[in-house]
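Visitor: Please put the sequence and the model on the screen. I have some questions about them.

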Amino acid sequence: MHGTISFNDNVGESIPADTPHAVSVSLPTWKANVGYEEGQKWVVERMKTGYPRFFVHKSIDRLATTIVAKHGTPGEKALLMPTEATAQRCMDFITAGAASDGRDVHALHFVPDVRKSQPDVSLVLPQISAVLFPESYWPHAKAFWQHTGEGVSSRRAEFCEQALSEGRMVEKSTIQDTPRMKKGPRRYQKRVSISGVDGDLDGSANGQTNGNTNVDTIDPARFVEERFGRNLNATLAEQAKLAIRRRIAGSLSSDMDLHEALEQPEEVEKIRVKDNFSVDDVYLYPCGMNSIFHAHRNLMLARGPMKSIMYGFPYVDTLKILEKFGPGALFYGHGSSADLDDLESRLKAGERFLALFCEFPGNPLLKTPDLKRIRHLATTYDFAIVVDETIGNFLNVHVLPDADVVVSSLTKVFSGDSNVMGGSMILNPSSQYYTQLKSVLAQDYTDNMFADDALFLERNSRDFVSRIARINSNADVIADILAAQVPNGKVKAVNYPRTSPTRPFYDAYRLPNAGYGGLLSCTFHTVEDAELFYDALDTAKGPSLGTNFTLSSPFVLLAHYGELEWAAQYGCEMSLVRFSVGLEDADELRRVFSAALDAVPARTNGT
């Protein structure tokens, strides 16, 4: 099942091929990545999709264009948001960035048309908000879309586009009585029964069971085609979200389907921390970056606006969130002990901070922060610790006891199928900020993960446990192959938690019998060598990570093309290639990576 996977390596094709809601896109050569970054037509005009926070999916763009054509004015564009609150945040950001008085930025809200029929609360109802603005403001709008992850998913856009075309959804101001919307729970307190609506689990609109339908036995393609479209069952979606949260909570130690996941006793959810932890401390978001955005936002609401700390070289948008949506950030890009010495000196001198954000381990250098020392400083000098454990993942590492908040991108290895976005945030009940954060979330949190996305994410994550073991093992294989070329061979350096000088910091939180994750990278001696290797490498090639198939990317080129010198000073060189390891046979991976290394000229006399 998980042997060699064939890809469509055409520029701009979805990865996986023929996947309407894919979260990666094929950039199969070094020049294609450069062409994408430079906006060259031969690449851009062939892009059928892209990573959703960087590329506005065509279904989203189509609905936005329709709304502008019907309700806007010439020269306007629109961004689509899931709620009025997210639309307001978008408007505020665009207005501030464009130095506008706000009169040329406005929002339209679309809701079910209650004049035709009373909304059926057992179904997910179409709801969407559109923020309209002058085309010249697009750079500010796109920045909000990319940094925050607040925008709608492509599945939500398709669902609402159908409702709008059928006249079931209308602009809010055209009706007098606003319908009561099905937004999902503001707080995760209500237990969802396994039986669904009137004993129904088949997602039918009328809640009547046919007596022999089980979602776990239906072919996924037929399941989506027959059961969804205009009739998304709200209860089934909430059940899927509960199962997802239980997997994240750590209650599941083996692969299991939806029924089994919901039947697990709550007591085993206390696996992450010893006291008082439950699934109610797990919150879902539309994507991983959105969970980071809200972790920062909720901490500011709880503690007041203060400068934060970004420790270690970060994924692009985490630092942007801290810089653009608050008082700013103190950036320690090396993530070194010297950086912590400097921080300690500042703290002793009286400087105070909201929170320290770090990745465990970091991307793309796979360095692990000294979380024990950071915890000591945080406790002594009163700042929160937010750990992004996406790369390590919670089946390999257990960082919650020394974190106040743990965030993760479920888009990655938790899903694996590269066809849905998702994010999570976990609160540590032992944190001194727990009560404040729970109070803020009780008032502020809205579940904006779209129902259809939740259903796909739940299905994808059912074999999460067994996949991690295979991926850990395969990553070890690739790391060994690359390490054999260091220091005097074709590879300058290999970046992997197991072989990193920071391994002791990782091992301090590594679970028994766990591994070092599925992400690693290597740096070549020259950009030319990196290009030869990348072009010869027979894997899928594109953005994202955590896929069930090995996915490679010239990460620094792709993520930092406009700031290559800045990235290089922190050890992120343009000649770095990053690998997200999949489920292929280990022998096949050995063959593929060895063949790519053969394409790199042998070095002589160390040059």
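Predicted model: local features only at pLDDT ≥ 70, side-chain atom pairs only at ≥ 80, totals over all residues.

Visitor: What angle does the direction of α11 make with that of β8?
Guide: The twist of the seven-strand sheet averages 20 degrees from one strand to the next; axes are lines fitted to C-alpha atoms, for helices over the stretch in contact, and angles between N-to-C directions run from 0 to 180 degrees. α11 packs on this sheet and touches β8 (308–311), β9 and β10, where contact is heavy atoms within 4.5 Å. The direction of α11 makes with that of β8 an angle of about 165 degrees.

Visitor: What is the orientation of α12 to α13?
Guide: Helix α13 (residues 371–381) lies across β8, β10 and β11, at about 155 degrees to β11. The axes of helix α12 (residues 337–348) and α13 come within 11 Å and cross at roughly 5 degrees. Angles under 35 degrees count as roughly parallel, over 145 as roughly antiparallel, 65 to 115 as roughly perpendicular and the rest as oblique. The crossing therefore makes α12, relative to α13, roughly parallel.

Visitor: How many nonpolar residues has the contact of α12 with α13?
Guide: From α12, the contact takes in Ser337, Leu340, Asp341, Leu343, Glu344, Leu347 and Lys348, which meet Arg373, Ile374, Leu377 and Tyr381 in α13. Ala, Val, Leu, Ile, Met, Phe, Trp, Tyr, Cys and Pro count as nonpolar, Asp, Glu, Lys and Arg as charged, and the others, Gly among them, as polar. By class, the contact has one polar and four charged residues, and the number of nonpolar ones is six.

Visitor: What is omega for the cis peptide bond that joins phenylalanine 360 and proline 361?
Guide: Proline 361 lies in the loop between β10 and α13. Leucine 366 also lies in the loop between β10 and α13, and has a positive phi of about 60 degrees although it is not a glycine. For the cis bond from phenylalanine 360 to proline 361, omega is about -10 degrees.

Visitor: Which element gives the largest share of the lining of the largest pocket?
Guide: The largest pocket holds about 930 Å³ of space; on a 1 Å grid over the protein atoms alone, a pocket is an open set of points with protein on both sides within 12 Å along at least five of seven lines, a cavity is a set where a 1.4 Å probe fits but cannot get out, and lining residues have an atom within 4 Å of a point. Grid points are joined across faces, edges and corners, and a volume is the space filled by probe spheres set on the points. Of the 46 lining residues, Phe54, Tyr315, Val316, Asp317 and Ala559 are the closest to the centre of the pocket. Elements that give two or more residues include α1 (30–37), α5 (138–148) and α10 (288–303), while the largest share, five residues, comes from α11.

Visitor: What volume has the largest cavity?
Guide: The structure holds eight cavities of 30 Å³ or more. Of the 29 residues that line the largest cavity, the closest to its centre are Pro52, Val152, Ser153, Ser154 and Met421. The largest share of that lining, three residues, comes from helix α6 (residues 154–165). The largest cavity has a volume of about 370 Å³.

Visitor: Which residue in β5 is the bridge partner of alanine 107?
Guide: Four strands form an open antiparallel sheet in the order β3-β5-β4-β6. In it, five bridges join strand β4 (residues 106–112) to strand β5 (residues 128–134), and the two run antiparallel. The bridge partner of alanine 107 in β5 is valine 131.

Terms used:
Residues numbered from 1 in each chain as written. Heavy atoms only, no water. Pairing = 2+ DSSP bridges.
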